[in-house]
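Hello,

Here is the structure I promised to hand over. Please have a look, then read on for what turned up.

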Amino acid sequence: MNLALWIVAGLLAVVALAGGAIKAFTPKEKLAATPGGAWTRSVGAGGVKALGVLEILAAAGLTLPAVTGIAPVLVPVTALCWTALMVGAMITHGRRGELRFAAVNLAYLALAVFVAWGRFGPGAFTG
């Protein structure tokens with residue numbers, strides 16, 4: 001169980017870091033031209049960058065507390081926050097008729113729920 005939780009949290013961290021870096025450092029106009037990026041046209045550049053920073057922080061929160069042993073309870077808390085972010089992403093893509101992207105967000109949501117459940121429950125970090 002512990003290994004599965006580490007793998008899934010690591011995968012989510014990579015996804016969050018990559019997505020966050022793209023949103024934080026790519027110009028909004030360039031993002032809007034990419035598949036799945038059209039939603040950025042209706043959001044300010046600051047909003048897109050803020051989402052990117054949140055995703056970068058999520059990558060850190062999914063891994064660093066457990067690696068350092070400092071406040072490891074932040075791992076499942078971050079997974080719950082990622083779940084909320086994915087609900088928003090699913091709604092955004094669903095409203096735009098981008099069901100393929102909404103389905104990808106649903107998969108990330110399911111993985112985050114697994115991490116939250118596992119780290120709050122049977123795979124909790126114990127001191």
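Start with helix 1 and helix 5: their axes come within 10 Å and cross at roughly 135°. Axes here are lines fitted to C-alpha atoms, for helices over the stretch in contact, and angles run from 0 to 180 degrees between N-to-C directions. Helices are DSSP runs (H or I, at least four residues), numbered from the N terminus. Helix 1 and helix 5 are therefore oblique to each other. On the angle scale, under 35 degrees is roughly parallel, over 145 roughly antiparallel, 65 to 115 roughly perpendicular, and the rest oblique. The crossing is left-handed, that is, the near helix is turned anticlockwise from the far one by less than a right angle.

Helix 1 brings Asn2, Ala4, Leu5, Trp6, Val8, Ala9, Leu11, Leu12 and Val15 to the contact. Helix 5 brings Tyr108, Leu111, Ala112, Phe114, Val115, Gly118 and Arg119. Contact means heavy atoms within 4.5 Å. By class, these residues are 13 nonpolar, two polar and one charged. Nonpolar covers Ala, Val, Leu, Ile, Met, Phe, Trp, Tyr, Cys and Pro; charged covers Asp, Glu, Lys and Arg; the others, Gly among them, are polar.

The model is predicted: local features need pLDDT of at least 70, side-chain atom pairs count only at pLDDT 80 or more, and totals for chains, interfaces and linings use all residues. Residues are numbered from 1 along each chain as its sequence is written, and side-chain values use heavy atoms, with hydrogens and water left out.

Helix 5 spans residues 99–120. Its 22 residues reach 31 Å from first C-alpha to last, close to the 32 Å expected at 1.5 Å a residue. Its buried residues (under 20% relative accessible area, 1.4 Å probe, protein chains only) include Ala102, Asn105, Leu109 and Ala116. Helix 1 (2–25) and helix 4 are among what covers the buried residues of helix 5.

Next, helix 3 (residues 45–68) and helix 4 (residues 74–95). Their axes come within 8 Å and cross at roughly 150°. Helix 3 and helix 4 are therefore roughly antiparallel. This crossing is left-handed too. The contact includes Leu51, Glu55 and Leu62 of helix 3, and Val75, Trp82 and Leu85 of helix 4. It has ten nonpolar, two polar and one charged residues.

Last, Ala71 lies in the loop between helix 3 and helix 4. Its phi is near 50°, a positive value in a residue other than glycine. At 37% relative accessibility, Ala71 counts as partly exposed (between the 20% and 50% limits).

Best wishes

Terms used: Helix = DSSP H or I, 4+ residues; strand = E, 2+ residues; numbered from the N terminus. Expected span 1.5 Å × (residues − 1).
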